[in-house]
Amino acid sequence: MSTAVIRSSSQKNKQYQPYIDAKWGLKNHWYPALFSDELKEGEFKAVTICGEPILLRRENGKLYAIEDRCCHRGVRMSKKPFSFKPCTVTCWYHGFTYNLENGRLDTILAAPNDPLIGNASIKVYPVSEKYTMIFVFVGDADYAPVPPLEHDLPPPLEKEYVNYCKNLTEDGALTVGIHRSGESNWRLAVENGFDPGHVLIHWKSPLVYAHNLAVPLGARPITDKAVSIIESDDGPIGIRNNTVADPDGTWHYDLVLENKELGVKAVGGNPMIGLRTSMWLPGVLRVENFPFQGVNLYEFYVPTHEDKYEYWELMTFDPKDEEDKKRILDQYEHYLKKAVFHEFNDDDLWARDAMQPFYQNGVGFEEEKLGEMDAIIIGWRKLVARHARGIQDAPKELNGSSKC
Amino acid sequence: MSTAVIRSSSQKNKQYQPYIDAKWGLKNHWYPALFSDELKEGEFKAVTICGEPILLRRENGKLYAIEDRCCHRGVRMSKKPFSFKPCTVTCWYHGFTYNLENGRLDTILAAPNDPLIGNASIKVYPVSEKYTMIFVFVGDADYAPVPPLEHDLPPPLEKEYVNYCKNLTEDGALTVGIHRSGESNWRLAVENGFDPGHVLIHWKSPLVYAHNLAVPLGARPITDKAVSIIESDDGPIGIRNNTVADPDGTWHYDLVLENKELGVKAVGGNPMIGLRTSMWLPGVLRVENFPFQGVNLYEFYVPTHEDKYEYWELMTFDPKDEEDKKRILDQYEHYLKKAVFHEFNDDDLWARDAMQPFYQNGVGFEEEKLGEMDAIIIGWRKLVARHARGIQDAPKELNGSSKC
Amino acid sequence: MSTAVIRSSSQKNKQYQPYIDAKWGLKNHWYPALFSDELKEGEFKAVTICGEPILLRRENGKLYAIEDRCCHRGVRMSKKPFSFKPCTVTCWYHGFTYNLENGRLDTILAAPNDPLIGNASIKVYPVSEKYTMIFVFVGDADYAPVPPLEHDLPPPLEKEYVNYCKNLTEDGALTVGIHRSGESNWRLAVENGFDPGHVLIHWKSPLVYAHNLAVPLGARPITDKAVSIIESDDGPIGIRNNTVADPDGTWHYDLVLENKELGVKAVGGNPMIGLRTSMWLPGVLRVENFPFQGVNLYEFYVPTHEDKYEYWELMTFDPKDEEDKKRILDQYEHYLKKAVFHEFNDDDLWARDAMQPFYQNGVGFEEEKLGEMDAIIIGWRKLVARHARGIQDAPKELNGSSKC
């Protein structure tokens, strides 16, 4: 063609096109890979993050994360990983042996003199074990400096804040949780997480009945401080629904307690004091004072595949002493795990999956009709577009379809 | 490229290209969605027609059909439809509430003051409950006037016609049937339905043995009146195999009773008097006087997905009185349903599925070799190309694959 | 565009691009379709080779192979093949009847006077029953002359060769085996077959323990005679690993018995005398003197679909007399079939499947990093590029996706 054909982009796409492109996630960020107790001394385990296959290894107390794909014929080493020598992994197929520190091909079992040795390598990942989890930094091999893990986690609340509760990064925090996979794109999971208008799906949750929780129909922003953007070069980037009153009693959201046209009133009698939701790059939800005061709930939505994410659900408590800790763990194990992480959150899991067909080919981002209540979702999309350290490409194995 | 590359189209494609494009069906036509007794008062039920998700509702005896996709985030409302107010459906996710009459967004449970209210809408469909079925008119939102349902159904036979039997649209008709889904494109199902050369597949049917039915090997057109085209601006459009003699005794088909080269003779001794097949837009088969004299058999092939259709099988009887009606229903329930709709028609279902791989990418339409016996199939394709009120596009969710 | 965009091809692709294009196999070659005893007198059976559906028939002791797709509506005749007349097959749908010798449409059951008769045909395939198998020549209808089957099989070893063992094509050979399907492209299966560096996967095989087989870590070519290319216009085309010493005691491979860096030594005490692997177009492996001296093991990797192949495993023995033959068959049935064809070869099947994701879109061929040990694989790829009689296209049913 001698003249260019330009598809007219809608205005919204111009505002946050990088977000629309981020089907495979944001790169150059930290993501949880496993709980600490899921990788025992001497074990190998495989995970997928942002489409990248990653092999984790704990050896002599140290953690390693390396590309789970042999450079020779591309097989996943995790299918049968060998460890013949400290700090190496040997591929089960031809014995390609990689140094876990730097990914270099150190030897080949079947060919100890091959010229490839020392001249080939696979990717290694920065890894950090903190706050009960093993985190991996997924991004460009030459990205430097690697930012601190804490830049990709919600920051602590101010101690003097009236609804303060302990953050998972703070000393003395007791954090428990589970993870499992969800069948939608990670962005739909994020957007469901802190969406103030989706409470209808939780109305019939046993948790709501059990505690007679006051669940409003919705929340309508009424001042220009309803949503806070937290952005800086030196710290976590996030966005928060200011659903609690200022110290002077000013409210920024109007809770919708009745829809007169439909004759529907909000349920429950016990207000959820201090509940505030916020979302942090690369996709971490914090719900303050939920399911009750003094507890922070977290959710991580880790991109794995274009239509799948790993769903992490955690709660952080602030036990007074060992006795209290025991009581909390007992309550978690026998009640909260099921009531919050399953019964309550299952409704969200289901809702995210329900959006996937509309969004899977990108049509949803063009045809959706967002309302006032979605202001925070638009805010989040723009925030990602401004601050994501990079947009992940589709895995190379999926890229070559037109070539052969 | 500086010069255009033009794929040479075969002659046949020029004759009925719109038909070849109609993978997702014909639009601006009436299709059966459910049997009347499948939608009870107060119920919601979802169907898919021509790739469009449709939510049906019966409320205070009135029927509604509305797009089963919330305009907000694209979810199917049918997963958990709410009805808080007469003549509305509320989406389970954020409470978007649509007027069932006109599809307008009447309110949002979570945001009763949102500016979207009154300014957004989803599609509604004309609906008609007649002849034991609920029909939906699937097409362009602004298509007007909507033609009468009877334009998309076979018309009554003339009362004085010697082989007259009652049409499903006539007073006193007793119509019974089933529907289920078939795994092929709807066009392959249609073309199997009235194809005069496929009788070999029915030879071993228990129905043929039970009644010693005379099944010819085939039927060869011998006059130019073998096939009738029924077309007008004001009524059903169809095509008919004239396999019965004219009043003066003239035959237009030569029944093939023997293939000497193969040493094969037709089976059965009892001729099927008055049997005539015809196909009507948008894809309705009538077989007159089948499985025996006085009964009309109908089949609807409703496009649902590109490789799936809803297969409707019905019979219309003409009971003399209530006693006779009871007898017919008893015979249907305990014999005809299984012998005709399952044992006999299962052979057709299987045959259609068998064509699907060859046709699914359009190759079949280019490479098939049609013979004399397929004259009526060619006739049907041209008829559709001339008279279809529109060709349905692929669903928008499938359209955006290259965009994101 | 007014200027051409040329994707820079890597050097390796230039060397064997036809091989990279051969996803659907090599055409104009002989492939095994069935074991002789899998097709009994009077039977029809269907197979798929290089994406082509083929219907086999044994009638009056003669074998026929014909396209398993009716020219009329494209259905597989094998779903219910009829035989009304000698040397014909009649399609179950409309009775299109083909001559098995030449594929010509001889009659149509339902339309004995149709002008298509005598003017349409489907493909027939040269077929040859030898060496316990039925072979089909898959390729262009007009390819001539069809080469002898033996050009597509490993040739006999020289009688005077010190490690001589009988070839499956020689008089007195006793050949037994199985076939089953594998879930990878046929090229990955071939390349696994004679790869000298993959022995690690067999270390823990019961067969190795049972016979204390000396399995080296690998084999490193040390002279320029390590790999022999056998190519001529008049006979089999192959490539061989010369892993046995010359008569003068010269070795061309250095067996790797230890990897000092990893502290790993080869296992087993009994050397496998005379073991030599070779690969022959279109994809036939011979392993001489395996699992023990005097036995030839063969594997055929028959392309069926782009991500599937038929895996044939055979052994040829040289029984002294009927008594010996009985003993061998007994040993095979109760020991070798399981120990070699399943326990040992299952490890290879698994390894091939593991390569498939990396190679399925062609990315593997661009990104793989081959070493010295892969010299024979590169040699094989170039040999195919030079000598394959043709590269098979994707099946026509898959080709039309953009047309309709």
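Domain bounds are those of an automatic or database domain assignment. In this predicted model, the assignment for chain A gives domain 1, residues 29–127, and domain 2, residues 153–387. The centres of domain 1 and domain 2 of chain A, taken over C-alpha atoms, are separated by 36 Å. Contact between the two involves 7 residues of domain 1 of chain A and 8 residues of domain 2 of chain A. On the side of domain 1 of chain A that touches domain 2 of chain A, strand 1 (29–35) and strand 2 (44–49) of chain A each supply at least two residues. Strand 1 of chain A provides the largest share of that side, 3 residues. The class composition of this side of domain 1 of chain A is 4 nonpolar, 3 polar and no charged residues.

Chain A is superposed on chain B by a rotation of 120° with 0.0 Å of shift along the axis, at an RMSD of 0.0 Å. The two copies are therefore related as by a three-fold rotation axis. Between chain C and chain A, 35 residues of chain C are in contact with 37 residues of chain A. Strand 11 (218–221), helix 4 (322–359) and helix 5 (363–367) of chain C are the elements that give two or more residues to the side of chain C that touches chain A. Helix 4 of chain C gives the most to this side, with 6 residues. By class, the side of chain C that touches chain A comprises 18 nonpolar, 10 polar and 7 charged residues.

In soluble globular proteins, nonpolar side chains tend to be buried together. The largest nonpolar core here has 310 residues, of which A:A33, A:V136, B:A33, B:V136, C:A33 and C:V136 touch the most other members. Leaving aside residues up to four places away in sequence, B:A33 touches B:V47, B:I49, B:I54, B:L56, B:I134, B:F135 and B:V136. Also in chain B, helix 2 (residues 186–193) is mostly covered, with 8 of its 8 residues buried. Among them are B:W186, B:R187, B:E191 and B:N192.

B:E170, in the loop between strand 9 (133–138) and strand 10 (174–182) of chain B, counts as partly exposed because it has 16 C-beta neighbours inside 10 Å. C:A394 is placed in the loop between helix 6 (375–387) and helix 7 (396–399) of chain C and is partly exposed, having 13 C-beta neighbours inside 10 Å. A distance of 25 Å separates the C-alpha atoms of C:A394 and C:R104, which are 290 residues apart along the chain.

Most residues other than glycine have a negative phi, and most peptide bonds are trans. A:N289, in the loop between strand 18 (284–288) and strand 19 (296–305) of chain A, has a positive phi near 60°. A:N289 counts as buried because 20 C-beta neighbours lie inside 10 Å. C:C87 likewise has a positive phi, of about 60°, and is located in the loop between strand 4 (62–67) and strand 5 (88–90) of chain C. With 16 other C-beta atoms within 10 Å, C:C87 is partly exposed. The peptide bond from B:L281 to B:P282 is cis, with omega near 10°; B:P282 belongs to the loop between strand 17 (276–280) and strand 18 (284–288) of chain B. C:F290 and C:P291 are also joined by a cis peptide bond, with omega about 5°, and C:P291 lies in the loop between strand 18 (284–288) and strand 19 (296–305) of chain C.

Technical notes: Residues numbered from 1 in each chain as written. Chains lettered and ligands numbered in written order. Predicted model: local features only at pLDDT ≥ 70, side-chain atom pairs only at ≥ 80, totals over all residues. Helix = DSSP H or I, 4+ residues; strand = E, 2+ residues; numbered from the N terminus. Buried ≥ 20, exposed ≤ 12 C-beta atoms within 10 Å, placed from the backbone. Core = buried A, V, L, I, M, F, W, Y, C linked by C-beta atoms within 7 Å. Nonpolar A, V, L, I, M, F, W, Y, C, P; charged D, E, K, R; others polar. Least-squares fit on C-alpha atoms with pLDDT ≥ 70 in both.
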